[in-house]
Amino acid sequence: MAETGTIALYLALVLSVYGAFGSVLGRLRSSPQLLDSARYAVYMVPMILAVATFSLVMSFLRHDFRVEYVAAHSNLAMNPEYTWVAIYAGNAGSLLYIAFTLSLMVAIMVALAPKAITHSLPYTITILMAIVTFFIGVMVALANPFDTLSFTPPDGQGINPLLTHPGMFIHPPLLMTGLAAVSIPFAIAVGSLISGRSPDGWVDVGRVWALVVWAMLGTGVLLGAWWAYTILGWGGYWAWDPIENVALMPWLALTASVHSLMVQKRRGMFRMWNIVLVNIAFTLSLFGIFINRGGPVPSVHSFGASTLGWVFLGFLGVSVLFSFGVFAFRYNSMRSAASLDSMLSREAAFLVNNLLLLGVAFVTLWGVVFPLISQMFRGVTVTVAAPFYNQVNGPLLLALIFLMGVGPLLPWRHATATTLRRAIQTPGIVAIVTVGLLLAAGISKPFALVAFGLCAFVVAGIVREWVHGTLVRHRRGENYLAAFGGLIAANRPRYGGYVAHLAIVVLALGVAGSSFYGTQRDIIMGPGDEETVGKYTIRFEGVRTETRADRIEFFNDVTVSQDGGEVMGMTAWRAFYPDLRMAATRAAIRSTPVEDLYIVSSESLEDGRVAFRILVNPLVWWMWLAGPLLLLGTLVALWPQRSLAGSPASTGRADGNIAAAPFGPD
Amino acid sequence: MHSMSQIHRRFQPGRLFSIVALAAVAMLGTACLTQGTSPTLEERAQEIGRSLMCPVCPGETIEQSQAELAKQMRAIVREKLASGETRQEVLDFFVDRYNEDVLAAPPKSGFNLVAWGIPVLGIAAAMATLALVLRGMRRNTIGVSVAKEGATVEADLEPYLARVDLELERVLRGDDGAPGGVPPSA
Amino acid sequence: MPLLAGIVLAWISVLVLVWPFLRRKNAVHSDDDPVVEIRRRREAVYEEARVLHNDHLLGDVPLVEYEPRFQTHRVLAAELLRDEERLQELAGRLEEEILEMRRKVGTEG
């Protein structure tokens, strides 16, 4: 089966090269047949790559250890369902996965491309096929997942135990596809730029794909945080690790993009800036893929240092030059249709939003890169980790939350000071009252108060909008439920945006609660011992050991009671893999909206005692709502608005031409 | 909007807003002053632990890591704090042994000021640029809208306008569930 | 066996890619049809009017601004509708003339 895989790779490579050249040639020579042919190549590539992926899957399922990749990432004892994870566990397999999913998304984009980008689509296809070609080319030349060993090992090395968690079934694939797929809105924008036609035609479909990729990346990052929290056992969810950072940065740029694309959609403004933004997002995503491939930065995540990283750096350089070239070439065609009327307007707020988001991205990038700069200039490495990012990004993120509250209250074009004040009043009062109540309750850390106050401000603003909008519609004759539903249906991008803002608010709540009021204790307990942490009394019952083929598992049972109340049992699980000299943990977490009780066992001592780490993390429960809310918001924002297809003045034939139908009421 | 603006008029929005803003400042001031009890030794040790990297693990602080060396370092931190050393003294101790990169964030001195300074300068520069750009983008639009209002509608457009009105009504009604508000032709 | 699969896949791909060159030329792509283009622009104007109307309902756009802007959209849509129908008329007349000429050539030939 492995040979089929390699043949499929070569075939896919030829097809994607053909697609890239054929598309641009067909455009330049106005040959509709060549254009169609190139488009068919776009559809064929994912199908051939599917064959390749299938070959790899079969090699795993058949334990074909002569294939080097299969031997490196599986063994006879492995559960078959982990085959899915094993596919992308290593460099070569993950490249195949990325190539396959990217080419699939490209095919979908091309198939669903609206008429508005017909003229630029060939250039878009060329750009995307060039990128797909790159991934397949790297595989074929440097990291073929189907390379065979000169002998057949009796057993493989097994899969990294850290990957055998449900979160690992979704987090890496989502992130990898998300990062690669940033190329899609990029190609749509740049394709439109190259074709030189209507400067706003790409915005509708560009925004759709930017949102889709944004949702993918966002969910991927959140899943990573959730996985880190439950598996890595240090009680945190985000360490500003370089790999985490490089996934966050393009997401921030896409967030900025999604916002300012709305301005271009509504008012034809920010044309140049949106192209720049999309370029920034794409460059950051390539940077992310580069760092992921064993770039020069150490991280818990590294796929393993490899020279592959520098190939990606080269590709990054080439694409930066390319986008810059196109931008310079078409600079003059991008004058905006309208200009800014006032500093106090939604357009201006979006610009500030962009500035803050890119500011956070810049700070994050700077932190990732500074150790290298220090090495270059001083010959001394320094570390840039969480304390740096927290101190510098913290205020920026707070400012963003504030803007999230104020921005939607600003009308387009201009707002008078009075309208603004009236809009801010109710949410502002709610925020102040909230802070007052918190102070009274004993919460007095200033940053935490500001964070909670701002969250209250945003939520109050959103609720006020919803209530106001529903009332307005209700007064026009609908009942409350229909009014609310109709409100959302009539303003889908806007209300989807509100839901997404709520997602950020709950995220902020969790971060603020756990960062400022989290407590941690490391304790050592023998069987029967009891300790009190906060309002919890924790009693270590004992440990059960189970030996498996490749690991020893420790089930550390504890019973927990709260202020003399209900007693419940929790189990902190640990496993040791002697062959790999690795340990894995699963924390015991009791999660309520108020706080998380987090128990993880770090070590079993010889005298039978066990070292535990106990954390009490307030409000973390709310953070995990962010993922579903984000997805819901995206769905609402993207739900298609029904077209005019049914109206009598525009009844048409199937191929789109319009019959001169007599006008009359339907 | 009616009921809300009535309430607003009775309470004079401007003054209320200023009172509310003052209250906010007062509260935050109180918060800073009544800043909880001073941190315990354990809390201080944990904070220092989060500021020191484990030299043998990639990218983990000594609080995060379960490596033997990390545990030893954590114990040393607690010993030193218990014997009265300050945070800076503890950090310096480890920097002497393991070089600067044992610190989780660059110290705010010497070349490393660049690390902290560039973000601040960069963002300040960006804000200044934005302010300039915004000021440059603002143009007087009054002239434009006057011209639009003065335009007369061509006569032969009338029948088409009527059809457009009907379609618009359908589009708007499809949204509201109530008759759309198409304003009468100028 | 893998070689066979590879050859089959390659053949299928070649066939798919060559097919557009072999099939009969079909009628003018509706993408290039200017009538459809104008209709699409008119629908975009309706969408903008709808959004403007909603914004006005929500209080984002005051009446003094809403009315002239809505009028602009209305007039623009009417102009587009007029242009669309004129183009259609033109296209229809062109088709008739071509048919006429074909018939003439047919009877004379």
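Helices (H or I, at least four residues) and strands (E, at least two) are DSSP runs, numbered from the N terminus. What we have here is a predicted model, where local features need pLDDT of at least 70, side-chain atom pairs count only at pLDDT 80 or more, and totals for chains, interfaces and linings use all residues. Residues are numbered from 1 along each chain as its sequence is written, while chains are lettered from A and ligands numbered from 1 in the order in which they are written.

**Exercise 1.** Work out which pattern chain C follows along the sequence.

*Solution.* Start with the count: chain C has three helices and zero strands. Now read along the sequence, and you get α-α-α. As for burial (20 or more other C-beta atoms within 10 Å of a residue's own; exposed is 12 or fewer, partly exposed in between), 23% of the 109 residues of chain C qualify as buried.

**Exercise 2.** Find the strand order of the open four-stranded sheet in chain A, and say which strands stand at its edges.

*Solution.* Two strands pair if DSSP finds at least two bridges between them. Zoom in on β7(A): four bridges join it to β8 (595–604) of chain A, and A:Ala588 sits opposite A:Ile599 in β8(A).

**Exercise 3.** Decide whether A:Leu481 is buried or exposed.

*Solution.* First locate A:Leu481: it's in helix α17 (480–490) of chain A. Next, count 10 other C-beta atoms within 10 Å, so A:Leu481 is exposed.
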